[in-house]
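The following exercises are to be worked through with the sequence and the three-dimensional model at hand. Each task is followed by a stepwise solution.

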Amino acid sequence: VAAKFAAHTPSVEAAFQPFEKRLAESSLLAGEAITVADIALFDIFDMHLRVWAGALTEAAFPFLHAHRALVSAQPGIAAYLASGKRWSIINGNNLG
C-alpha cells in the first residue's frame with residue numbers, strides 16, 4: 001500500500017504549495033481570527049501529514065506546520081485531539 005501512495009508524493013507536495021505561500025504572508029487564511037477555512041486546512045493537512053510525513057516535513061512546509069500547531073492548540077480542538085475520538089487509521093489504509 002505504501003508504494004502506491006509514494007507515487008503520489010509530488011502531486012501532494014504541489015497541492016500544498018499554494019497554502020504554504022499564503023501562510024507565509026499571514027499565519028491564518030483569512031483575517032485575524034481562526035475561521036472554518038483554517039480548521040478545514042488543519043484537518044486536511046493533518047490527515048495528509050499522517051500518510052506523507054516524509055514529504056510534508058517541517059523543513060519543506062514550515063508555515064503549514066506552524067498553522068497546524070496554532071489551530072491544534074485551540075481549546076476545543078486540543079480537547080478533541082486528546083479525546084481519542086479522532087480516527088487512528090485514515091480510510092482503513094493502515095498508513096495514518
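**Exercise 1. Identify the residues that touch the most other members of the largest nonpolar core, and the elements that contribute to this core.**

Solution. Step 1: the largest nonpolar core has 14 residues, of which F16, L41, F45, W52, L56 and L64 touch the most other members. A nonpolar core is a set of buried Ala, Val, Leu, Ile, Met, Phe, Trp, Tyr and Cys residues joined through side-chain atoms within 4.5 Å; buried means under 20% relative accessible area, with a 1.4 Å probe and protein chains only.

Step 2: helix 2 (9–25) and helix 3 are the elements that give two or more residues to this core. Helix 3 gives the most, with 4 residues.

Step 3: contacts (heavy atoms within 4.5 Å) of F16, leaving aside neighbours within four places in sequence, are made with L41, I44, F45, H48, L56, F61 and L64.

Step 4: as a general background, nonpolar side chains in soluble globular proteins tend to be buried together.

The model is predicted: local features need pLDDT of at least 70, side-chain atom pairs count only at pLDDT 80 or more, and totals for chains, interfaces and linings use all residues. Residues are numbered from 1 along each chain as its sequence is written, and side-chain values use heavy atoms, with hydrogens and water left out.

**Exercise 2. Describe the secondary structure and burial of the protein chain.**

Solution. Step 1: the chain has 5 helices and 0 strands, in the order α-α-α-α-α. Helices (H or I, at least four residues) and strands (E, at least two) are DSSP runs, numbered from the N terminus.

Step 2: of its 96 residues, 27% count as buried.

**Exercise 3. Which polar partners does the side chain of D38 have?**

Solution. Step 1: D38 belongs to helix 3 (residues 36–51), and H67 to helix 4 (residues 62–72).

Step 2: D38 is buried without a salt bridge, and R22, the nearest side chain of opposite charge, is 7.9 Å away. A salt bridge is a side-chain nitrogen of Lys or Arg within 4 Å of a carboxyl oxygen of Asp or Glu; Lys and Arg count as positive, Asp and Glu as negative, while His and the chain ends are not counted.

Step 3: a polar atom of the D38 side chain lies 2.8 Å from the backbone nitrogen of L29.

Step 4: the side chains of D38 and H67 are joined by a polar contact of 2.8 Å.

**Exercise 4. Is H67 buried or exposed?**

Solution. H67 counts as buried because its relative accessibility is 2%.

Terms used: Buried means under 20% relative accessible area, exposed over 50%, partly exposed in between (1.4 Å probe, protein chains only). A polar contact is a pair of N or O atoms within 3.5 Å; within protein, one must be able to donate a hydrogen and the other to accept it, and residues adjacent in sequence count only if both atoms are side-chain atoms.
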